[in-house]
Amino acid sequence: MSATAEKIGGAIDVWAQITTPRMAAQPWLATLLRWTGQESEPLVPSVESTVAAMDGAGVELSLVSAWYGPQGPLITNEEVAAQVAAAPHRLKGLASADIRNPVEAVREIRRWVDGARFVGVRIVPWLWDLPPNDRRYYPLYAACVELGVPLCTQIGHTGPLLRSETGRLIPYLEDVLLDFPELVVVGGHVGFPWIDELLTMTIKFRNFHVDTSAYAVHRLPPSFVEYMKGPGASRVMFGTNWPMLSPAKCLAGLDALGLSPAQREAFLAGNAKRVFRL
């Protein structure tokens, strides 16, 4: 175990995926591959390489998600279940579904989400080019409330070559939280450039949270770091967006954030344990 792992220990990564060849071949990934210097490498990690990357940074548990979009399933719930089964003490699943068939989508979520292997649901609005207050998502939100699990989604600008409008918090995600006051939401990818909206949503909605996936911590916007030390201290969770970024890369520079021991523990693991009931 590296010195980084010994120092951090026990972190929980709330945004990861073990990409399939179907997902890796999507043309909209070109931007991310260029940014992360992975244009010449196949972006298809194994369970073994994922766990090895976790070990290299002291990440105890990763939440790996299914991906469904208008082009079909990019990572199926069945594939995620197999990944979790291969490393049950290191991986938990986030289910997803095709929102175009709401009844079957709800059945799919109920089929997989048990609070043990699968601990939440992930829907990525930019993939559908539909804001999160679109009626087609609403049956899945109701299913999350009934099952008592978080909805994980994406907020802020979209890195892939698709529109960012769906990542605006106000009015789109605000409408959802108004319509579903019991729904627990974890917004991934920080929410930049709408950090003021992030602060407002945190104060207004007790069930709203955010994760730092897609950002190495030394690249977090200064206003977001201040948010982590204030209203966001009990709301912000660590995430990577693996395999686009590795846990070690994301956590390099953690000390420079100046978090208190309590803030650091909440960010790395405590908030995720509470929200996902881990």
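1. In what order do the eight strands of the open sheet run, and with what pairing? The order is β1-β2-β5-β6-β7-β8-β9-β10, with parallel pairing, where two strands pair if DSSP finds at least two bridges between them and strands (E, at least two residues) and helices (H or I, at least four) are DSSP runs numbered from the N terminus. The edge strands, each pairing on one side only, are β1 (11-16) and β10 (236-237).

2. The model is predicted, with local features needing pLDDT of at least 70 and side-chain atom pairs counting only at pLDDT 80 or more, while totals for chains, interfaces and linings use all residues. Residues are numbered from 1 along each chain as its sequence is written, and side-chain values use heavy atoms, with hydrogens and water left out.

3. Within the sheet, strands β6 (residues 118-122) and β7 (residues 151-154) run parallel and are joined by two bridges; Arg-122 has Cys-152 of β7 as its bridge partner. Helix α4 (residues 47-55) packs on the sheet, touching β2 (59-65) and β5 (91-95), and its direction makes about 140° with that of β2.

4. Helix α6 (residues 102-112) packs with helix α8 (residues 138-147) at an angle of about 25°, their axes being 9 Å apart (axes are lines fitted to C-alpha atoms, for helices over the stretch in contact, and angles run from 0 to 180 degrees between N-to-C directions). That makes α6 roughly parallel to α8, a term used for angles under 35 degrees.

5. The contact (heavy atoms within 4.5 Å) involves Pro-102, Ala-105, Val-106, Ile-109 and Arg-110 of α6, together with Pro-139, Leu-140, Ala-143, Glu-146 and Leu-147 of α8.

Methods. Angles under 35 degrees count as roughly parallel, over 145 as roughly antiparallel, 65 to 115 as roughly perpendicular and the rest as oblique.
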